[in-house]
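Dear colleague,

Please find below the structure that I am handing over to you. My notes on selected residues follow directly after it.

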Amino acid sequence: MTNYQETIIQYIDQHLPIYQEIAKDLHDHPETCNQEYRSSKILADQLESQGFTLTRQVPGHETAFDARYISEKPGPTLAFLAEYDALPSIGHACGHNLLGNYSLLAAVALKEVIDQIGGEIRVYGTPGEEGGPNGSSKASFVRHGYFKDVDAALCAHPGYEYGETATGLANDPVDIVFHGVSSHAAAAPELGKSALDALILAFNGINALRLYLPKDVNIHGIITNGGKAANVIPDYTSARFYLRAKNRSTLNEVYQRVENVVKGAALSTGTTHEFGLFQNAVDDIIVTPTFDQVFSSHFDKVGIPKKDIRKDPERFKLGSSDVGNVSQVIPTIQPTISISDDPIPAHSEEFKAAARSQKGLDSIGYAAKLLALTALDLLEDPDLLARIKADHKESLKKGN
């Protein structure tokens, strides 16, 4: 290893316990989309204590932050993406208590050498990855130009096996609402207009639509309000759906077709409707193979056993992440880091337990080393960074 690599690895080994304690604290105090006040403050304060300049409550998210360290020499600008939101009811069953610390420790360790090399390190605290009102904040960061002067973005996600970035699905989370006219269901049904009938028609229409959509499209929803009493014609009903597809262009067409189903249900029942996103839209992830290869090249260096490296990449492509929004504008990686010796489904009690297990906590050191060493390669090798950018442009042109 080079001197810079040794410095980074030694720093991570020495300071790992600090970030493990933070991860346990976040796990013990889970906070959901845009409510991560405590978690955000802990992570932002830690970066500030390590010499990063902090701007909080960006861009339009009270629990987001922008942390920067600018070296004395010019060089590339790299952004580490930090997540720290939990899931409703179940808590940190996706391991974001670890993910945020992966990025923090990598960034702080890289800071130990960047003054000699040149460049800028950023850590973007991005709340609400799991979705919710005004969720998927990375889309806000993209929309407000936070990546316009960034050369590449890095993060890693806890999982069962180690592996490279998967594509993921574009996702439009939508709310559907119908407004009708209430009336007594037995005494005067002719005076009512049932918002529930409209919602049921919409559900059935969406189910029928599935047969005529591309195979990569995935639509799933729930009724969030179906009325209050069986003898009262409901004047208000609501549902929430996730519309997913392999790429953004397909999903835009699906969105329009689902909206037409909703309009038709309202027209046939004499009700009115509302339809639209309740949070940021999520884009599919554009994979940059060269970038992931740099990450994977350090597995041996940090002691990752070959047996733990991902064996079934296809099963990791069915979810969605707002990392996709970032990947649409700059080269981005989100490989997986093993936190369990046995297969565990995401968003489960098993995953939640693994996110606080010793292997889960130890994964912070492995992830931070892999991310920091990958970033170091980009800072030291302008030709490599140029190849990654060219590779990203080609991947973007091909799309998913």
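Ala 106 is placed in helix H3; helices here are DSSP runs of H or I with at least four residues, strands are runs of E with at least two, and both are numbered from the N terminus. The relative accessible area of Ala 106 is 0%, so this residue is buried. The accessibility classes are as follows: buried is under 20% relative accessible area, exposed is over 50%, and partly exposed is in between, with a 1.4 Å probe and protein chains only. Once residues up to four places away in sequence are set aside, Ala 106 touches Phe 80, Ala 368, Leu 371 and Ala 372, where contact means heavy atoms within 4.5 Å. Ala 106 also has a C-alpha to C-alpha distance of 8.1 Å to Leu 370, although 264 residues separate the two in sequence.

Two remarks on the basis of these values are in order. The model is predicted, so that local features need pLDDT of at least 70 and side-chain atom pairs count only at pLDDT 80 or more, while totals for chains, interfaces and linings use all residues. Residues are numbered from 1 along each chain as its sequence is written, and side-chain values use heavy atoms, with hydrogens and water left out.

Gln 279

Gln 279 belongs to the loop between strand S10 (272–277) and helix H7 (289–296). This residue counts as buried because its relative accessibility is 7%. Which side chain does the side chain of Gln 279 join through a polar contact of 2.8 Å? The partner is Ser 136; a polar contact is a pair of N or O atoms within 3.5 Å, and within protein one atom must be able to donate a hydrogen and the other to accept it, with residues adjacent in sequence counted only if both atoms are side-chain atoms. A polar atom of the Gln 279 side chain also lies 2.9 Å from the backbone nitrogen of Gly 132. Apart from neighbours within four places in sequence, the residues in contact with Gln 279 are Gly 131, Gly 132, Asn 134, Gly 135, Ser 136 and Pro 173.

Asp 377

Asp 377 is part of helix H10 (residues 358–380). Although buried, Asp 377 has no salt bridge, a salt bridge being a side-chain nitrogen of Lys or Arg within 4 Å of a carboxyl oxygen of Asp or Glu. How far away is the nearest side chain of opposite charge? That side chain belongs to Lys 301 and is 6.6 Å away; Lys and Arg count as positive and Asp and Glu as negative, whereas His and the chain ends are not counted. With neighbours within four places in sequence left aside, Asp 377 is in contact with Gln 5, Val 294, His 298 and Leu 384.

Salt bridges

The structure holds 18 salt bridges. One of them pairs Arg 38 with Asp 25, whose closest N and O atoms are 2.4 Å apart. This pair links distant parts of the chain, with Arg 38 in helix H2 (residues 37–49) and Asp 25 in helix H1 (residues 3–28), 13 residues apart. Arg 38 counts as partly exposed at 35% relative accessibility, and Asp 25 counts as partly exposed at 23%.

Lys 389 and Asp 151 form another salt bridge, with the closest N and O atoms 2.4 Å apart. Lys 389 lies in helix H11 (residues 382–398) and Asp 151 in the loop between helix H4 (138–143) and strand S5 (152–154), so the pair ties together parts that are 238 residues apart in sequence. Lys 389 is partly exposed, at 32% relative accessible area, whereas Asp 151 is buried, at 18%.

Within helix H11, Lys 397 and Glu 394 lie 3 residues apart, about one turn of the helix. Their salt bridge has its closest N and O atoms 3.9 Å apart. Lys 397 is exposed, at 66% relative accessible area, and Glu 394 is partly exposed, at 40%.

Positive phi values

Ser 89, a residue other than glycine, has a positive phi near 75 degrees. Ser 89 sits in the loop between strand S3 (77–82) and helix H3 (96–117) and counts as exposed at 86% relative accessibility. For His 347, phi is positive and near 65 degrees. His 347 is in the loop between strand S12 (336–338) and helix H9 (349–354), and counts as partly exposed at 41% relative accessibility.

With kind regards
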